[in-house]
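Please consider the sequence and the three-dimensional model shown below. The paragraphs that follow take the reader through some of its helices, loops and individual residues.

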Amino acid sequence: MRIFYLVFVLCYGVFLSQELSAQNLKIVDSLRFLVNDHDTPDSTLVIGYNDLGIQYATSDSKLAKTYINKALKIAKSSKNQRGIAGAQNCLGIVYYYQKQYDSALVYFNKALAINKREKYYWGQGSALHQIGVIHKYQANYLRAIESFQKSRELFHSINDSISFAKAIENIGSCYYYIGNHHKAMEFHLQAMSIYEKKHDINGISREYNYLSRSLIDQKEYQKALDYLNEALIVIRKSGNNIQVAVALQNIVRCYVGLNNYDKALKYSMEALEYKKLSGNKKNIASTQSSIGEIYYHLKDYNKAIDYLKKSLENHVYNGDYTSKMITCHRLSKTYLAIHKLGQAKFYATKALGISKKIKNLKGEKNTYTILASIVEQEGRGMEASGYYKKALELKDSMLKIENEKQARQLQMMYETEQKELQIDQQENEIQLLKQRVKINKLKYSLLIIVLVLILIILGFGFYETKQKIERSKLLAKHSRLEKEKLDDELSFKKRELITHALHLAKKNTVLEKLKQTIEKFVLAEKENITFDYRQLTAIIQQELRDDESWENFRNYFEHIHQDFYTTVKKKYPKITPGELRLIALLKMNLSYKEIGGILNITQEGVKKARYRLRKKLNIKPEESLQNLVMNL
């Protein structure tokens with residue numbers, strides 16, 4: 001999304017001002033490092049080359065296209081559709097800067113088509129916005145409004161408030177150029193509201209300037225000043241020097257309209273300082289020319305001439321013809337005021353030549369009027385009459401053109417209103433369709449609910465019947481299980497009795513051996529023979545570890561739990577005799593204490609033995625060793 005956002009911002013910047021900032025060398029260096037790094041992935045290379053192309057778009061269009069075409073080639077080879085769309089957008093920007101609007105439209109439409117296929121709504125909105133900008137600069141305001149409206153809806157659908165506001169802002173600007181100031185202000189106020197909610201200082205400052213522009217054109221200078229004073233407070237905080245200069249220049253226009261030339265001069269001087277910060281000679285020249293005109297009205301002709309000449313010195317670039325013409329006209333008028341007719345005629349002749357070259361009828365008319373005044377003061381009445389006649393003819397032509405322009409504006413306003421009515425009708429139809437769909441969905445939902453209720457009732461009846469059958473089966477099964485339980489308990493008691501007998505037998509055997517040993521001890525005392533007590537301990541220890549006794553125990557155990565040892569060894573071939581004894585004792589459901597007594601180990605030792613057994617048998621933590629043994 002980054003590349004689309006970059007393109008959108010750049011194009012929007014073009015819409016706001018025809019003068020673009022110089023390329024940032026630091027950014028260029030970092031981008032070159034990025035694209036020359038062999039480890040940079042293709043997707044990043046596409047972005048990098050596109051960004052580089054944009055950096056050179058205003059200064060070296062050929063190099064800009066070279067970089068962007070590299071991005072396009074990589075994007076196509078990697079089938080990166082959004083990267084392709086981004087490159088098409090960037091090429092459109094380059095052609096825009098070259099004023100090749102038709103070529104720019106081709107590339108923007110290509111980007112739009114790809115974004116539509118990809119269902120990438122933000123990309124579609126961005127492309128449509130840029131198409132609207134092109135149409136605006138070509139004075140195709142209705143088509144521009146249509147594009148901006150589409151981009152507005154797309155940005156609204158994805159909750160991109162700032163882009164949504166910019167689309168509204170541009171619609172307002174189009175209405176301004178059509179001459180519909182009421183509509184223009186309506187849209188600018190809508191955009192202002194969004195920018196204020198988002199705390200977008202740049203957006204707020206632009207709207208203040210646009211609103212004041214409409215009010216100035218309607219000669220409502222005081223209202224415009226109210227907006228501009230608010231704007232200055234906001235813009236100064238943002239540190240945006242360009243916007244500050246624009247606001248100051250609009251304030252100057254207001255005070256000139258109010259014939260308050262002292263205040264107009266004050267704000268012009270401040271605007272000039274901000275223009276000098278930008279280093280843009282064209283903008284500086286324009287402000288210097290404006291100051292010269294203010295000094296003319298203040299009748300300080302020397303200062304007027306000084307600033308007007310400085311303005312001409314800064315008009316060094318081709319293409320600044322209109323500004324040059326206006327400045328020459330002002331110089332001619334100023335020299336005429338101090339009766340320096342030679343200089344006045346010199347600059348009037350220059351102004352006339354430029355106005356004819358650029359076919360500026362207003363400039364040509366005003367220059368003929370000045371020339372008429374000059375030759376009239378020289379005493380050449382017939383020549384002056386000829387100039388006045390030409391000025392009058394041009395005035396008539398201009399009036400005709402103005403009437404035609406107004407007629408076109410009225411036509412555009414009418415067509416715009418018709419378009420808006422159509423849009424409103426379409427929106428109403430869409431709303432009706434949505435309501436119908438909603439009603440149909442509600443009917444469908446109710447039908448489904450009724451069917452579900454019927455199925456629930458039927459299912460409940462079926463469930464009750466099934467439950468009765470199940471209960472009958474459960475009762476029969478319960479009776480059978482109770483009988484089996486009683487049989488198992490009886491069998492367990494029998495096994496328990498046998499096991500207990502085994503223990504008694506084992507105990508009695510041990511006691512008998514101890515008795516015989518003690519008798520030998522008594523007899524030995526009578527015969528004064530020294531008795532070896534260690535022999536007694538050895539007998540006890542031998543009895544505790546007597547494998548023969550365990551073999552007897554196993555035989556008895558197998559009688560009760562048939563094939564138990566065979567089953568265990570078959571299932572667990574690596575089991576040891578000691579582990580078999582532990583399993584057998586566990587099978588008898590003996591306690592830790594009882595098992596420890598039989599195996600001659602502590603209860604802790606029994607726990608460790610159980611742990612080792614669990615590990616060998618691969619028993620999971622959530623499974624029970626006791627349950628496993630009981631089920632063997």
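Predicted model: local features only at pLDDT ≥ 70, side-chain atom pairs only at ≥ 80, totals over all residues.

Is the crossing of α15 and α16 left-handed or right-handed? The crossing of these two helices is left-handed, a term used if the near helix is turned anticlockwise from the far one by less than a right angle, with right-handed meaning clockwise. Residues are numbered from 1 along each chain as its sequence is written, and side-chain values use heavy atoms, with hydrogens and water left out.

Helix α15 covers residues 281–297 and helix α16 covers residues 301–314. They pack at an angle of about 165°, and their axes are 8 Å apart. The axes are lines fitted to C-alpha atoms, for helices over the stretch in contact, and the angles run from 0 to 180 degrees between N-to-C directions. The helices α15 and α16 are therefore roughly antiparallel to each other. This word applies to angles over 145 degrees, while angles under 35 count as roughly parallel, 65 to 115 as roughly perpendicular and the rest as oblique.

Which residues of the two helices meet? On the side of α15 they include Ile284, Ala285, Gln288 and Tyr295, and on the side of α16 they include Tyr301, Ala304, Tyr307 and Leu308. Contact means heavy atoms within 4.5 Å. By class, the contact of α15 with α16 has 9 nonpolar, 5 polar and 4 charged residues. In this classification Ala, Val, Leu, Ile, Met, Phe, Trp, Tyr, Cys and Pro count as nonpolar, Asp, Glu, Lys and Arg as charged, and the others, Gly among them, as polar.

Helix α15 also packs against helix α14, residues 261–278, at an angle of about 165° and with the axes 9 Å apart. That makes α14 roughly antiparallel to α15. The crossing of α14 and α15 is left-handed. Among the residues that meet are Leu265, Met269 and Leu272 in α14, and Ile284, Gln288, Ile291 and Tyr295 in α15. By class, this contact of α14 with α15 has 10 nonpolar, 6 polar and 2 charged residues.

UniProt positions are given in the numbering used here, feature names are shortened, and annotations may be inferred rather than shown by experiment. Residues 85–118 are 88% helix and 0% strand, with end C-alpha atoms 10 Å apart. For residues 165–198, the span is 94% helix and 0% strand, and the end C-alpha atoms lie 10 Å apart. The unreviewed UniProt entry also lists residues 444–463 for "transmembrane region". Over residues 444–463 the chain is 100% helix and 0% strand, and its end C-alpha atoms are 28 Å apart.

Two loops deserve attention next. Most residues other than glycine have a negative phi. Lysine 79, in the loop between α4 (61–77) and α5 (81–97), has a positive phi near 55°. At 70% relative accessibility, lysine 79 counts as exposed; buried means under 20% relative accessible area, exposed over 50%, and partly exposed in between (1.4 Å probe, protein chains only). Alanine 139, in the loop between α7 (121–137) and α8 (141–157), also has a positive phi, near 65°. Alanine 139 is partly exposed, with a relative accessible area of 40%.

Individual residues within helices complete the picture. Threonine 367 is found in helix α19 (residues 361–377), and at 1% relative accessibility it counts as buried. Leaving aside neighbours within four places in sequence, threonine 367 is in contact with His329, Ala348, Ala351 and Leu352. Tyrosine 321 is in helix α17 (residues 321–337) and is partly exposed, at 23% relative accessibility. The C-alpha atoms of tyrosine 321 and alanine 351 are separated by 9.4 Å, although these residues are 30 residues apart along the chain. Apart from neighbours within four places in sequence, tyrosine 321 is in contact with Ile354, Lys357 and Ile358.

Notes. Helix = DSSP H or I, 4+ residues; strand = E, 2+ residues; numbered from the N terminus.
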